[in-house]
Structures are given as C-alpha cells and as structure tokens.
Amino acid sequence: MPLSGRHFVSGKSIVPPFPGGMELALFGLGCFWGAEKKFWQVPGVYSTAVGYAGGHTPNPTYEEVCSGRTGHAEVVRVVFDPKAVSYAELLRIFWEAHNPTEGMRQGNDVGTQYRSVVYAYGEAQQAQAERSRTAYGAALAKAGLGPITTEIAAAPEFYYAEEYHQQYLAKNPHGYCPDHSCGIPYRPAVLAEGERA
C-alpha cells in the first residue's frame, strides 16, 4: 500500500523502525477513523496508523474488507512509550470508547470489519487484556448490558489501510465519527475489590 509514512498530525513515522523502547498495541473498535483519533491524542503515544488485521487474505483493500469476504477487522496500531503511558491505560481507552457487546457491528456500522478485537503482542498483553475483559464485563453486566463479544488473540499480520484513511479525521475535521461508547467507566481496581461499578 503506497504510504507517505508520516503521521499527518505529529509528523512522526507510522512505519518501522520506531525509536528504541517503543511498544505496539493493536485494537479494533468499529470504524477506524474515530478510533484512531482517540489514541493519537493520548500523551505517551508516539504514533498511530489504521489498517486491517485478523482476516485471511494479504494486503486487502478497503473495498475488499467492506465486502465481508476477507474477514479482516478495521484496526488501529498504536506505537507507545510504556514509560509514559501504560498498556492498561490504552485498554481503558479501548473499552470506554465503544460498545464491546454488539458482535459484528458498532451502532449502524454493520459487518465483520466493525467487530471488537484486541490483538496482543506477547503473552503479557494477552493476559492483561483478558483480565480487563473480565473486569469490564462485570461492570457492563451490573449496568444491564449483555456479554462482551470482544475477540482477544495474538496479533496477526497488520496491513496498512490506504493513505487517505490515515489520520482521516485530522484531514477531514467534520468527517464521520459516531460515538458508540456505553457510558460505563472501566475501573479495574474498584471492580477487583468487589465494589459496585
């Protein structure tokens, strides 16, 4: 996929190699335009890029992903400095920014590419993501929502989306950006103590 390689907002690189000490995170939470903006605003995040992951065809195009035949999810890859922002904080943003109980959709956006996913880089991220899913699931259940449908798995190959999708809402400030948040805070420490969410 032809790319400029530079983040439209920060000017930093969205392609490897990244500065030493950086780590990766990979999330899918519906339309990747709004999802990416959530993460590029976080202090400690070096850069973000949108793309496709979790399908069965290499280098898919947006049109192919939207057909539902490739199995990919729209995802945001976050490059972050763990000394400045924790993976736990990125998980909090992920959970609170969408509705993880809707299966293959987010609101009016329907299709496999809109499913909720956490793709983990390593066993530590996977374990942390699974614990966070249990904690947030308890909070959602207390609020009367259904079970979480979020897929948590080892990170597959990440394929960059087309250049015009990268940092789309910075290039198009009035672009499509629905809010699918449940409005339920993610508070793992409180939940761990058995308090009400």
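Biologist: Is strand S6 (residues 116-120) mostly covered or mostly uncovered, and how many of its residues are buried?

Modeller: First, a note: this is a predicted model, where local features need pLDDT of at least 70, side-chain atom pairs count only at pLDDT 80 or more, and totals for chains, interfaces and linings use all residues. Residues are numbered from 1 along each chain as its sequence is written, and side-chain values use heavy atoms, leaving out hydrogens and water. Strands are DSSP runs of E with at least two residues, helices runs of H or I with at least four, numbered from the N terminus; buried means under 20% relative accessible area, exposed over 50%, partly exposed in between (1.4 Å probe, protein chains only). S6 is mostly covered, and its buried residues number five of five.

Biologist: Which residue of S6 stands opposite Gly 28?

Modeller: Strands pair if DSSP finds at least two bridges between them. S1 (residues 23-29) and S6 run antiparallel, joined by four bridges. Opposite Gly 28 stands Val 117.

Biologist: Which residue in S7 is the bridge partner of Tyr 119?

Modeller: S6 and S7 (residues 151-154) run parallel, with four bridges between them. In S7, Val 118 has Ile 152 as its bridge partner. For Tyr 119, the partner is Ala 153.
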